[in-house]
Each structure stands twice: as C-alpha cells, then as structure tokens.
Amino acid sequence: MLKNDRYLKAALSQPVDKTPVWMMRQAGRYLPEYREIRAQAGDFMSLCTNPELACEVTLQPLRRYELDAAILFSDILTIPDAMGLGLYFKTGEGPAFHHPVKTEADIKKLYVPDIFEKLGYVTDAVSLIRKELDGSVPLIGFSGSPWTLATYMVEGGTTKNFGEVKGMLFENPESMHRLLDILAQSVISYLNAQIESGAQAVMIFDTWGGVLSTQNYQAFSLNYMQQIIDGLQRNYQGNQIPVTIFTKGGAGWLEQMAATGADCVGLDWTIDIDQARERIGDKVALQGNMDPCVLYSTPQRVKQEVGDILAKFGNGSGHVFNLGHGIHPTIDPENVKAYVDAVHELSGQYHS
C-alpha cells in the first residue's frame, strides 16, 4: 500500500488533496551527493549499469525534498546499446555510438533485445528501488521514443541539424519505418519488463519529436508512440499503470497526443497550461510545465512562478506539476526545495 499516491491519482485524473510534483532529471548533477556517487562509479555508464548505485542516486532527491514520485535513474539509450551499437559518452560532448546505423544493411542487423538478458541491470535496479522506497511514493519507469532513439542511432550521437536522420527519413522512408518499428517493439518489451519489475507508472520521452513537420511527426513519431501505448500492460497485478507521453516542442499537436490513449500528456514551457487544459484537459491529465531556468532565480521568484502555473491550471484534478524539461546541472539545490515546497503549499486551495 502506498503512503503517498498523489502522483498516480493525478496522472489518472483522479481527485487529490494537493498537486503532486516531481522533476525530470531529478536525480542528477545539480546534487553534490550525485556527483560523489558518479565519481565513485568512474563513468556514467558504470553508474547506470550498477543497480545498487542507480538505486542510490534515484533515492537521493527524495531524501532532500518531499517529492511525490521517484523516477528510475537510467539513460534513454540503453535499448540501442543492447542492440549492439556500442554506447559510450564523450567528455563534454554527450552520448555517441561505436556502430551507428547508416544503411539498410545496418538496420537489418538490428533485433529486439531480450530485455532481462541484455538490460537486466535496469530491471534489477527497478526491483531494488521499489523495495527501498517501501511504499513511500510510486516509481516511474521510462524509455525514449522510437524517433528520439533513432535520431541518436543514425546521427551517431548528438546533433544540431538532424541532417542524417532526416535525410534517411526523406530519401528512404521505408528503411526509417523498419528502424522505428523495431524500436517500438523493443520499447514495448522494455517498459513491460520495467512494469513487471516494479514500475508503477511509465513515461515515454520524445525529446526530438519537435524537430519534425506536422505530417512527419504523425507518421514517424506519434504513430510509433501509439503502437507502444497499445502494447503496454496498462493494468498489472490489479493496479492501473498510468502512461505519460512527452514531446518537447509538441504544443501544436496536443490533440493528436491526447488521442493516443495515454493517461497524461507532458508539456514544455512554450504553451500556457490553461490553453493546454482548454484544448485537451478533459481527455487526459497534464504534466508540467515550468521553465527550468526559473530555478536560476530566487526562491521568491520560483514560488511566484509556481503560483502562476497553478492558478492557470485552476481548480480540479489532472495536474502533475513538473518542469517543462529536465533540470539543468548548475541549479542551486535550495531553489529546488523552494519549487517543491511551493507546489505543496499553494496547490491545496485548488483541490478543496
């Protein structure tokens, strides 16, 4: 039995006493205790692949703040790594692959990995985190979207213009669809394995969907997230598993996102939450959507921004407070406390 189930209820548009709050990347470099564990691990992948250390950094922000959910500490590129692409991290440059996907022949070599064999360190971490949480708050599992995973796989790492992945999309759409279908099947298996291991909710991060045109977003990103949603275990051991989808830069497609059957749609800061609620708030819960850079200001300014967003959403259920994207690594941890505390202090009036 969960002691605090606000997040699960809000993500399912059920009544709560206060608006729940968590943060994307809430376990991360802004916390000095995280930096200590990362140094102990030696490198980022060693941290991700060690279930005990992944559990420790997942729990660190919960010791500091009264957050309403934990999110698995891992990386979105674990699936491509399990496919044999050889994930590594360049210092100061981010993720890269030893064997990027450049040709039809490269795509034909790909396969849906056995999750418990290839990514057992993730499912082991989920089980351990769930045990250590001891019913205090729910645990969120996650994956990158097929399109977002494909961008890294084809580009070989980070990119500014998406030239290679979009080049494949336009020049050889059949190959791109084959790649995305393999990734969708893999994400279904991955998220279902997380659910079976103890995740009580899941989220799909479509970080790069916003770089596509409307037509291509529907065909090459949203359609595959729809495939994933249709393939997930939405009820496990008698408990409903909320599903959240988030497309950075996706404000123009909220109606289409809400129509996928997801329980909750994540928002970045490029749309006011009252407008989003008017458009889709009767169909899904909304997650968001404070600009992470507000946390560079003062605790007073943070509280003001939290109050403004809560007021724009207004009365009623179906709001999970979050940032509009991940927290930046140079944020002052004290401002995070101001953020979390302000949500709990100011939101009760909207749930009476």
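## A tour of the salt bridges

A search of the whole structure, which is a predicted model, turns up 14 salt bridges.

**Stop 1: Arg6 and Asp68.** Select Arg6 and Asp68. They form a salt bridge, with the closest N and O atoms 2.9 Å apart. Arg6 sits in helix 1 (residues 6-11), while Asp68 sits in the loop between helix 4 (51-64) and strand 1 (70-71), so this pair ties together parts that are 62 residues apart in sequence. Now show the surface. Both Arg6 and Asp68 are buried.

**Stop 2: Arg234 and Asp263.** Move to Arg234. Its salt-bridge partner is Asp263, and the closest N and O atoms are 3.0 Å apart. Arg234 lies between helix 12 (214-231) and strand 6 (235-236), and Asp263 lies between helix 13 (254-258) and strand 9 (264-266), so the pair ties together parts 29 residues apart in sequence. Is Arg234 buried or partly exposed? Arg234 counts as partly exposed, because its relative accessibility is 25%. Asp263 is buried, with a relative accessible area of 15%.

**Stop 3: Glu255 and Arg279.** Select Glu255 next. It forms a salt bridge with Arg279, the closest N and O atoms being 2.8 Å apart. The pair links distant parts of the chain: Glu255 belongs to helix 13 and Arg279 to helix 14 (residues 273-280), 24 residues apart. Glu255 is partly exposed, at 37% relative accessible area. Arg279 is partly exposed too, at 28%.

Salt bridges with shared partners join Arg6, Asp17 and Asp68 into one network.

Conventions: Residues numbered from 1 in each chain as written. Predicted model: local features only at pLDDT ≥ 70, side-chain atom pairs only at ≥ 80, totals over all residues. Heavy atoms only, no water. Salt bridge = Lys/Arg side-chain N within 4 Å of Asp/Glu carboxyl O. Helix = DSSP H or I, 4+ residues; strand = E, 2+ residues; numbered from the N terminus. Buried < 20%, exposed > 50% of the residue type's maximum accessible area, 1.4 Å probe, protein only.
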